[in-house]
Structures are given as C-alpha cells and as structure tokens.
Amino acid sequence: MTIFNVHASQGVLLAVNVNGSDVCVRSGSSAAAAALLAGVEATRISPVDQSPRAPYCMMGVCFECLMTIDGEPNQQGCMINVRAGMIIECLGQVRERA
Amino acid sequence: MTSCDLLIVGAGPAGMSAAIAASGFGIRVKVIDDQGSPGGQIYRNIEENHRRGVAASVGVDYAQGISLVQQFRACGATYQAESSVWQVNPNGDVYLTTRGSSQKVSSQFVLFATGSMERPAVVPGWTLPGVMTVGAAQIMQKTAGVFPGEKVWIAGCGPLAIYYAANLAAQGHRIAGFLDTAVPRNRYAAMRHWRGAITGADYLLKGLSYLARIELSSIRRIGSVTGLEILGDSRVKRIRWLSHGVWHEEHADGVLLHEGVVPHTQLAQATGCAHEWNEAQTCYRPVSTPMGQTSLDRVLVAGDCSAIGGARAAALQGRIAAAEVATKMGIFSTDQRDHSIRTAVKHLKRELSVRPLLDSLYAPRDEVRHPEGPQIICRCEAVTADSVRDAVRAGCRTVDAVKSQLRCGMGPCQGRVCGIPVACLVARERNVEPDEVGPYRVRPPLKPISLQDLASLAATP
C-alpha cells in the first residue's frame, strides 16, 4: 500500500503505464512518483545484497529509483516527468487503490 | 560547441538570481538545469502550481517564489532544462547531456548553484521500501499533489521537518506522529548564539508559530527521541523509538526521515575545487570567498551548495557572485562591484545571522553523525557502519582507502549520500578531524552516461 494518499488533485491527469497497468497521475509528477502512487512497494532489488529498494530522496541524489522508461533502462525515475502514454517498468506489483 | 560568458549549473534561487543579475550586467548567461522547469527543489514545479492556483497550499514562502521564476524567464539568459552536467574542467569547458544528446559548452566562467541535499539518517532499516525523506514527501506534494497516509511517521528534526509537519497540520492531514530527534542538550550550546536570535527574530518567531500549529493539531509530537529503528522485511512495517530510556514500538506504513540538509558538493568536488570541513554544519564545503570565488579561478559557487543558508540567502549570494563575475570580466571595477552589491551584502548578513543558532540547535545526534552498528551506511554498495569501522582498525586511514577496500562510495550515487557519515566515522575511529580523512575523491562523469551519450558528443557540431 502506498505511503501517500492519492487524493483528488486539481489539474491535468495523465495516463501512464506502470508494469502493465494503467495509472493516472497529475502532470508534473515524476515516473518514480507514478510508480509509488500505483502502489508499487519495491521498485528494484539491490544487485549487491538482493534487498528490496524503493525511491528515497526523489531528487536525483540516491539513485534508488532506477527504472526502465519507454524502453530505456537505468533511468532515474524521479528526474523524468511523466508524459501521456509513458511506459514505466520497474520491479513490483501494481496494487488496487482503495 | 557553443560558448558563453557565464554558465550556471542549477536553477534554484541562487542560480536564477545570478542569471538575472548577470544578464542585467550584459553578460551572456547559459543556465543548465537537470529539471524540467526552473525553481530548484525549494520552488519545484512552481510554475504549474501557480497556474493552477494551488501554490499557496504548499506554503506562503513557496508561493512567493513565482516572482523570482518569472524574472528569470524574462531576463534573457539561455535556459536549458532536462540537462545533466557530467563534467566541468577548470578551464570552463562543460560537458552535458540533454535527453540523449551531448554537447560541450565553453564558458569563461562557471557558477555552481547545485543546492543542498538531505543529510542521510543512517538508522537500522532506513533502506526499506516505504522509508523516504521529508524532502521527498515535499516533492511529492509539489509535483504529484499527494500527502502521507495516517499511519506514516515523520522521524527527525530541523526546520524542514517542522515546516512540513506544520503544513500538514494546517491542511488537516493526520499522520501517525512526529518523532522529534532534536537533542534537548543542544539548547545550551545554542544559547551562545543569542545575537542571531535577535537579528533573526522574525525567522525564529515563524518557526515557533509552526511548532505551535503542530502542538495544537492532532499530530502527536514525541520529543527527546534518542534512538530509531525501522522494522520490516519487504517494506517498512513497524517503527521503534527510544525516548527517556524507554523503547516504544508501533505500526508504520511509512517513515519520512529528516536530519537537516547539507551542501550538494558533488560537482564542485569533481571539478577539483578545494573543500574543507565545516564543523558548524557538520559537512564539507567548497573553500570560497564571500563573493563565491572557489580555489579555481574560473569557478564560483553560490547558495546552499556552498553552505546552508536557505533560499533568501541563496538568492542574495547568486546576485553577489554575478557581480564578482562582472568584475572579473572587467565590466565593473572592484569599487563599482562593492557599490552594486552593498544592499545585498547587508541583507545577506542579516539572513545568515540566525544560522549559527539553528546549526547548533539541530546539530545531528551522534547516532546520525557517526553511525555505529550493523546498519547499512552506504546504500548503493550495502556496506555496513561496522565494516567501515573495522576497515579503519585494519589500517585504512582515509575515506578513499575505505572506499578501495569496501566499495562504499563506488556505487551509482558516487558517494553523495554516504560521504559525510563515512568521513565522520573514519575521523572518529582515528581520533582526528574530518578534514584529514576526506572528502571522497570524486571523478567525472558526474552521473552514469552511456556510450551513446558520449558518441553523440562527437556528432554535435
């Protein structure tokens, strides 16, 4: 379950695809934010100790948010703003939002 | 290849302010921003929020930032967004990539305005999914318009954590609680900076009003927290805290950590600027003059990436650095420069006067300053604090020696996150000052770049 409440936000909503499921997020959100709001918990597994990891800083410093965006691997999801139809692939299941 | 007189890295208050002033002096300015629109982190996504009329809900100070952004857009500087600088040479050559296409820009002078980052809160379990920084939560609010859920905790201390919690309270959001790790004993040390309390009274009063707002809200603030542990397997499940000698444990859906902010010096380090330890702020800083001149003649710094001073101080420092560049270019004499920045210098002195008090009050507790134990200190390479300590005991004398041995600082973040706690830990083990053991030697490229990014450099005329 996402740590953030997805509440009705004003503004333009964009539809993106996270791990095969369509998700709507406000324009201005990053791809990493979209993954989190889709309910994904761990977005990657550390290659060093196989621990589950997820975005931590959301500003390009920690590199925990590495994900594949529109086919390009190893992108910092927090540094890329969503575009309509963006395909975001990372680890983890998209959960139904309550 | 393109050229300019002044290339500014960063479009936060320092970068924007420098660009506005420098353009006004007739200097050809290019601003490189790794984000999609100006504002840095503090004014992130402000143009969109302003358009939608929701900027004030983030905060009054935030909403006021739109005027600086508008002045920046109108000032005539070239603004290049979504661009990542990966190398700067001391002669002013700058290499950057914009959406897969790389270029080299030759600039007479370079100004780093790369801002600040959060101090890592190295507590057990801090790498679990569901643990983020308060800054990250603010970014989620500014960009995605979302807020934390009812079982999410804030754990940490400092103006940003207080500001964020107060904002949640003002908007009626409930969270599980605010575990305040400010060290009560620090108040006594902070008292010797009482002069700053007078000149910075308005800032402090604002802070007190935020604290009052938190106290009057439903947010449970628990003070004197001296220990934190985050528990979970695939994600955060529970949080433990130590207060007045007793451990408590409760359910947690998420944890927002915050232990202050520190200068983001990665670019200045990679370029070769000399750095020194700043004990007052428990961080490294680029050696620089009050005008922002670094140890490299063509390189200047302004804003939080030099020393933490906040957004208003950053804007003033940007203005001052621009005047210094104008002087170096022969546009101003030193007298003309001093006259031009007289008011800015006066205001900057006032803005910075409250800092020693804040730095002292919110100096990180020992557990955060030099972590000990089996918890991970380097997230990228999963290196524990204990193994860093053992490496020093086995003979490693500097952070770079520890890095060679354990790989901490060699992961994707290139030591941005672990640099300060590793340095403090090594210094403490050796019983020396952090100046003697660090910072990490940082080498370009500043961010991982692909061979394609490099190849596109050759293709660009």
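**Reading the complex**

Guide: We begin with one pairing of residues: A:Phe4 has B:Pro148 as its bridge partner in β9(B). Helices (H or I, at least four residues) and strands (E, at least two) are DSSP runs numbered from the N terminus. This is a predicted model, in which local features need pLDDT of at least 70 and side-chain atom pairs count only at pLDDT 80 or more, while totals for chains, interfaces and linings use all residues. Residues are numbered from 1 along each chain as its sequence is written, chains are lettered from A and ligands numbered from 1 in the order in which they are written, and side-chain values use heavy atoms, with hydrogens and water left out.

Visitor: What is the mean pLDDT of chain B?

Guide: pLDDT is the predictor's confidence in each residue, from 0 to 100. Where it is low, the predicted coordinates should not be read in detail. For chain B the mean is 96, and 99% of the residues reach 70 or more. The complex as a whole gets an ipTM of 0.95 and a pTM of 0.96 from the predictor.

Visitor: How many residues does the contact take from chain A and from chain B?

Guide: Contact means heavy atoms within 4.5 Å. Chain A gives 37 residues and chain B gives 51. Buried area is the accessible area (1.4 Å probe) that two parts lose on being put together, summed over both. Between chain A and chain B this area is about 3700 Å², with 60% given by carbon and sulfur atoms. A:Ile3, A:Phe4 and A:Tyr56 supply 22% of the area that chain A buries against chain B, more than any other three residues.

Visitor: How many salt bridges are counted between chain A and chain B?

Guide: A salt bridge is a side-chain nitrogen of Lys or Arg within 4 Å of a carboxyl oxygen of Asp or Glu. The count here is two. One of them links A:Glu41 and B:Arg235, whose closest N and O atoms are 3.1 Å apart. On the side of chain A that touches chain B, the elements giving two or more residues are β1 (4-5), α1 (31-37) and β5 (52-53) of chain A. The largest share, three residues, comes from α1(A).

Visitor: How do β1(A) and strand β9 of chain B run?

Guide: Strands of a sheet pair through backbone hydrogen bonds, either parallel or antiparallel. Two strands pair if DSSP finds at least two bridges between them. β1(A) and β9 (residues 147-148) of chain B are antiparallel, joined by two bridges.

Visitor: Which order do the strands of the open sheet in chain B have?

Guide: The five strands, with parallel pairing, are ordered β8-β16-β10-β11-β12. β8 (131-133) and β12 (221-222) of chain B are at the edges with a single partner strand each, so one side of each has no neighbour in the sheet. Within this sheet, β10 (residues 152-157) and β11 (residues 177-180) of chain B pair over four bridges. B:Gly156 is opposite B:Asp180 in β11(B).

Visitor: Where are the peptide bonds cis, and which residue has a positive phi although it is not a glycine?

Guide: Most residues other than glycine have a negative phi, and most peptide bonds are trans. A cis bond joins B:Gly438 and B:Pro439, with omega about 5°. Another cis bond runs from B:Pro444 to B:Pro445, with omega near 0°. B:Pro439 lies in the loop between α19 (419-430) and α20 (451-459) of chain B, and B:Pro445 is found in the loop between α19 and α20 too. B:Arg407 has the positive phi, about 75°.
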